[in-house]
2 protein chains.
Amino acid sequence: MRAGSETTECSTGLPQLDCLLDGPTSRGISRVGRLHRMAAAKLLRGLGLYPGQEFLMMCLWEAGAVRQSELIKRLELDPSTVTKMLQRLEQSGHVRRRPDPADRRAVLVEATERSCGLRQEVERAWERLEEHTVTGLSEAERAELSRLLGRVEENLCAQTADCPPPECGPVC
Amino acid sequence: MRAGSETTECSTGLPQLDCLLDGPTSRGISRVGRLHRMAAAKLLRGLGLYPGQEFLMMCLWEAGAVRQSELIKRLELDPSTVTKMLQRLEQSGHVRRRPDPADRRAVLVEATERSCGLRQEVERAWERLEEHTVTGLSEAERAELSRLLGRVEENLCAQTADCPPPECGPVC
DNA sequence: AAAAATTATGTGGTCGGCCAATCAATTCGA
DNA sequence: TCGAATTGATTGGCCGACCACATAATTTTT
């Protein structure tokens with residue numbers, strides 16, 4: 001291959017061909033995050049759902065009629081994201097919306113009867129996904145992974161937003 | 001709140017308000033994946049990059065001129081995704097493309113000189129992201145997390161695609 | 001009671017990412 | 001040699017997710 005003679009503009013060294021961009025954890029999270037989402041997509045596709053929607057539907061199945069703002073808080077998503085998800089879910093018949101009589105700004109959201117049949121299948125799909133994800137790990141390893149992910153979640157949540165109001169915790 | 005009387009269509013029990021949808025690991029991966037991506041976005045925004053683009057640029061900075069198909073293989077992304085990323089990166093002046101003289105189907109991609117100045121900043125941003133991510137974890141915990149993420153990656157990769165060509169491995 | 005701040009939602013736009021389908025160029029096989 | 005299969009890249013469409021901004025209704029403050 002003659003490439004690398006004068007066509008290479010930025011080559012700072014030998015082509016390393018390996019893992020560029022240090023940060024084993026970040027790297028792992030990125031890759032696993034994407035793969036996991038794809039796996040979820042695959043499982044949910046047969047149910048007529050897109051990944052992300054399962055959380056929203058579970059909220060509705062669990063809580064019944066709920067204000068959109070409440071949904072946003074629980075899902076910790078951007079309001080505009082939830083608005084658009086609901087528009088699509090409404091059009092696909094999974095969700096119904098109506099104005100909240102108590103507050104003319106608000107919207108009440110609920111799952112349609114039709115959609116309730118999906119609940120079990122979604123739960124089973126999610127179980128299969130979990131199973132597939134942690135296959136080959138011991139109970140102790142699974143617990144440790146969950147715990148470490150929880151720690152990382154706290155790290156990423158802090159300063160980014162307002163997960164648990166720190167309010168002068170152990171340090172300050 | 002009077003909701004829950006007759007408006008509740010699917011309520012199968014009490015409003016649990018807690019973590020619906022079992023699967024501690026899956027749940028953690030979803031949340032951490034999203035938070036991590038947002039954190040990356042925040043750090044990269046100042047550099048004029050969107051999350052995901054940093055991997056592509058690192059490939060180019062490292063390898064010089066590269067065929068698009070090679071890029072696709074390394075990034076393990078859908079070809080159409082890479083095509084569109086490159087169109088945007090070209091328009092924003094980070095990347096240049098030209099036909100491959102050796103194969104008239106192929107396209108050679110390289111980073112522009114301008115973009116090379118970003119490399120160090122991207123690497124530093126990525127380091128800060130890693131630091132932020134694993135803050136508070138011991139060395140042992142960090143190593144364990146990376147290891148476990150690697151295992152999960154293998155799980156999710158297998159059957160989903162063709163990461164390491166199995167070709168009659170230890171089992172078959 | 002009127003003005004100011006906050007809340008609830010929606011719009012428009014941008015990206016990464018996927019799938020399905022297309023088309024040209026190259027390679028393989030009969 | 002010539003048709004068939006494969007490879008390289010693109011287009012169009014869809015979704016989740018973000019941001020910035022806008023609007024209406026409610027709450028708070030003065």
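In this predicted model, 25 residues surround DNA strand C. The closest are Ser69(A), Ser80(A), Gly52(B), Asp78(B) and Ser80(B). Chain A and chain B are related by a two-fold axis. Chain A itself has 7 helices and 3 strands.

**Surface near DNA strand C**
- Three helices of chain A each supply at least two residues of this surface: α1 (24-45), α3 (68-75) and α4 (79-91).
- From chain B, α4 (79-91) also supplies at least two residues.
- Which helix gives the largest share of the surface near DNA strand C? That share, 5 residues, comes from α4(B).
- By class, the surface has 9 charged, 8 polar and 8 nonpolar residues.
- The closest residues include Ser69(A) and Ser80(A) from chain A. Gly52(B), Asp78(B) and Ser80(B) are the closest from chain B.

**Relation of the two chains**
- In chain A, Gly33(A) has the C-alpha nearest the axis, at 2.4 Å.
- Both copies use the same surface: 98% of the contact residues of chain A recur in chain B.

**Sheet of chain A**
- The sheet is open and has 3 strands, in the order β1-β3-β2. Their pairing is antiparallel.
- Which strands lie at the edges? They are β1 (66-67) and β2 (95-99) of chain A, and each pairs on one side only.
- β1(A) and β3 (residues 107-111) of chain A run antiparallel and are joined by 2 bridges.
- Val66(A) stands opposite Val109(A), a residue in β3(A).
- α4(A) lies across β2 and β3 of chain A. α4(A) runs at about 115 degrees to β2(A).

**Fold and packing of chain A**
- Read along the sequence, the pattern is α-α-β-α-α-β-β-α-α-α.
- Chain A has 172 residues, and 31% of them count as buried.
- Take the contacts in chain A with a separation of 6 or more. Residues 24 or more positions apart account for 47% of them.

Technical notes: Residues are numbered from 1 along each chain as its sequence is written. Chains are lettered from A and ligands numbered from 1 in the order in which they are written. This is a predicted model: local features need pLDDT of at least 70, side-chain atom pairs count only at pLDDT 80 or more; totals for chains, interfaces and linings use all residues. A residue is near a molecule or strand if its C-beta atom, placed from the backbone, lies within 6 Å of it. Helices (H or I, at least four residues) and strands (E, at least two) are DSSP runs, numbered from the N terminus. Ala, Val, Leu, Ile, Met, Phe, Trp, Tyr, Cys and Pro count as nonpolar, Asp, Glu, Lys and Arg as charged, and the others, Gly among them, as polar. Two strands pair if DSSP finds at least two bridges between them. Two residues are in contact if their C-beta atoms, placed from the backbone, lie within 7 Å. Axes are lines fitted to C-alpha atoms, for helices over the stretch in contact, and angles run from 0 to 180 degrees between N-to-C directions. Copies are superposed by least squares on the C-alpha atoms of residues with pLDDT of at least 70 in both. A residue is buried if 20 or more other C-beta atoms lie within 10 Å of its own, exposed if 12 or fewer, and partly exposed in between; C-beta atoms are placed from the backbone.
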